[in-house]
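Thank you all for coming.

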Amino acid sequence: MATMTMVKALNAGLRRILEEDDKALIMGEDVGRLGGVFRVTDALQKDFGAERVVDTPLAESGIIGTAIGLALRGYRPICEIQFDGFVYPAFDQLVSQLAKIPNRSGGRVRLPVVVRIPYGGGIGAIEHHSESPEAYFAHTAGLKVVTCADPNDAYWMIRQAAASDDPVIFFEPKRRYHAKAEVDTTGAPLGLHDARVARTGSAATLIAYGPTVDVALNAASAAAEEGVELEVVDLRSLSPIDWEPLEASLRKTGRAIVVHEAPGTLGMGSEIAARLSERCFYSLEAPVLRVTGYDVPYPASRLEDDYLPNLDRVLDAVDRSLEY
Amino acid sequence: MGSVDRPRPAKKTAKSRRNSASANEPEFVQLLTPEGKRRSHPDYDVTFTDEEYRGLYRDLVITRELDAQGTALQRQGQLGLWPSLLGQEAAQVGSGRALKPQDTVFPAYRELGVQWCRGLDIISAFSLFRGVDLGGRDTAADRFQMYEIVIASQTLHAAGYAMGVAKDGAVGGDDGEAVIVYHGDGATSEGDFNEALIWAGVFNAPLVFFCQNNQYAISEPNTRQFRVPPHRRAEGFGLPGVHVDGNDVLASYAVTEAALDRARAGEGPSLIEAFTYRMQPHTTSDDATRYRDEAELDYWRAKDPILRYRTWLEAESLADADYFAAVDDEAAGEVRELRQRVMDLPDPDVTDMFDAVYTEMPAPLRAERAEAVAFRASLDEGSES
């Protein structure tokens, strides 16, 4: 057990990956000498060399495209896209190549590539540095999409992602990068694609992932002070979704509210609401509600507190759900 | 419409290219003229045995006939689409035969001739265009990657693979590995191609970019792709660029062998622009009469890669009428066999679309698969009754 930030936990996880597998590589912009703009890869190039921790040209499509080539050669690249809003130049390589080549090959080719993407808002950043593009990738068959919410999951999930023979898009909630918590390095708590009940309750279920897990837990604490016990489920895996715990929770509480930063229309919440309605129709006491970013481009940072789902918006949705 | 929007006649293009050549532009590499006369070049030559010279002719003819069968099969409804390589046989056979067994090929989608020269089963090209599968093969064993439909995407894969070859320490010496990536003139406009040149350059990857400049990206001529031709653009990326007559099998072989040897020795990447012509439309779905005229086709017919090579073989008494007839017979046999195998390709099973997406099928996908299988079975039962 050690207390550390998510940045340190990711760094420790990456270090273990490099130690355990000679074929593992880290590649991206500024990941080497600088240690990454968030220092997630701090000191790794110094300790493992520039052949294993590769500073790349400033070209996102190039990062993913060459990672595919390296994987075809037997390497296991872990790529860093510096910020969420910079992933789009790599979209073709991610969606048309990384996701599709294994299937194209009839399963003869596997592409064990991890793409790390710091994502989400709440840090007062300029445009393109606060986005939540996870639904694009969860919509793409062939990719697995996961996100961690705390340091312990960060440490274990990055290692599990690197061990996967399928491509994994690994979203890191950058506003949670510096929150400290305990990391248990003795054993993985869950599988990479398992959802987790982060708090038990009976009145309603909050479904969150990444940066909004903390928001949901805070909302549950506040509600508890008023005698309303909310259950919080941390999705962890956005593709595939671990439906069993979600359905079990909804059958228990009868009410669900999905919370994410990405815009609501056709976001993760849309799929979750639709699927839970299909599977748990007779258990529902209220429609599945969504608390999300608005359907606008991410606003100027002085407006982001209004844009992001926060404790008050979540509690307001809980009230609406309970009133049905 | 201004005349600037129309492709210039190829003859004028070729002439203006020479007229505009700067003092330091590398010389156009040609070892065999369109009339079938041998030429020398200060930097490039080939030395083959008589048997090897004849072998190139055999490859050229069989490639052309297999490709023609692709077009025929599409016309007869047996393939959904066929992208013909007619006219580009020399570029493909010359470069393809220059590869050593340890080298790896990243093709685009028109590289049937290279696939043939690698000694590989070409049926995968036909199963792909028949819609039986997506073109999957044992690419690791073949050292010939899957066909790539998205323009220029494979150039980055090749750059990454070549970086891996260098990381493995597999460059250096005659047994070093080299990588070659095939692309067209249209690809040179794509961002991925330019990124691949950057990456190959800064990482000194053992990679050869083989650009078959067949003059057209569907309907768009070279004038819509670049102001500076690819072989000259290479210099800006720090790579040597070579301009070769892509309808000359000997020159195509010579420049590719040199570029591959350079790569395998650890001396870095280079780019070859093989100047050739796509005699057929872009694919069987295209209508080339909308954007080019018969005079242009006549101009390129006179540069036919097989005719000039046969003329030279005859003049040098390297092959006689019996040999040419035997090659024709062999090609006809290959075509007959191919045709039968294409017709015999089994239709895929409904489960095929599910089974290779992930290493381990996620539970939600398992449920969808079961649903699809059950639904198909219910339809089959209905049709039987």
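Predicted model: local features only at pLDDT ≥ 70, side-chain atom pairs only at ≥ 80, totals over all residues.

In helix H8(A), the residues Val215(A), Ala216(A), Asn218(A), Ala219(A), Ala222(A) and Ala223(A) meet Leu311(A), Val314(A), Leu315(A) and Val318(A) of H12(A), where contact means that the C-beta atoms of two residues, placed from the backbone, lie within 7 Å. By class, this contact has nine nonpolar residues, one polar and no charged, with Ala, Val, Leu, Ile, Met, Phe, Trp, Tyr, Cys and Pro counted as nonpolar, Asp, Glu, Lys and Arg as charged, and the others, Gly among them, as polar.

Residues are numbered from 1 along each chain as its sequence is written, and chains are lettered from A and ligands numbered from 1 in the order in which they are written. Helices (H or I, at least four residues) and strands (E, at least two) are DSSP runs, numbered from the N terminus.

How do the axes of H8(A) and H12(A) cross, and at roughly what angle? The axes of H8(A), residues 211–225, and H12(A), residues 311–323, come within 9 Å and cross at roughly 60 degrees, the axes being lines fitted to C-alpha atoms, for helices over the stretch in contact, with angles running from 0 to 180 degrees between N-to-C directions. That makes H8(A) oblique to H12(A), given that under 35 degrees counts as roughly parallel, over 145 as roughly antiparallel, 65 to 115 as roughly perpendicular and the rest as oblique.

Turning to chain B, five strands form an open sheet in the order E1-E2-E3-E7-E6, with parallel pairing; two strands pair if DSSP finds at least two bridges between them. Strands E1 (104–106) and E6 (241–245) of chain B stand at the edges with a single partner strand each, so one side of each is left without a neighbour in the sheet. Five bridges join E6(B) to E7(B), residues 270–275, and there His243(B) stands opposite Glu273(B).

Lastly, the two chains meet in a contact that takes 33 residues from chain B and 35 residues from chain A. On the chain B side, the largest share, eleven residues, comes from H7(B).
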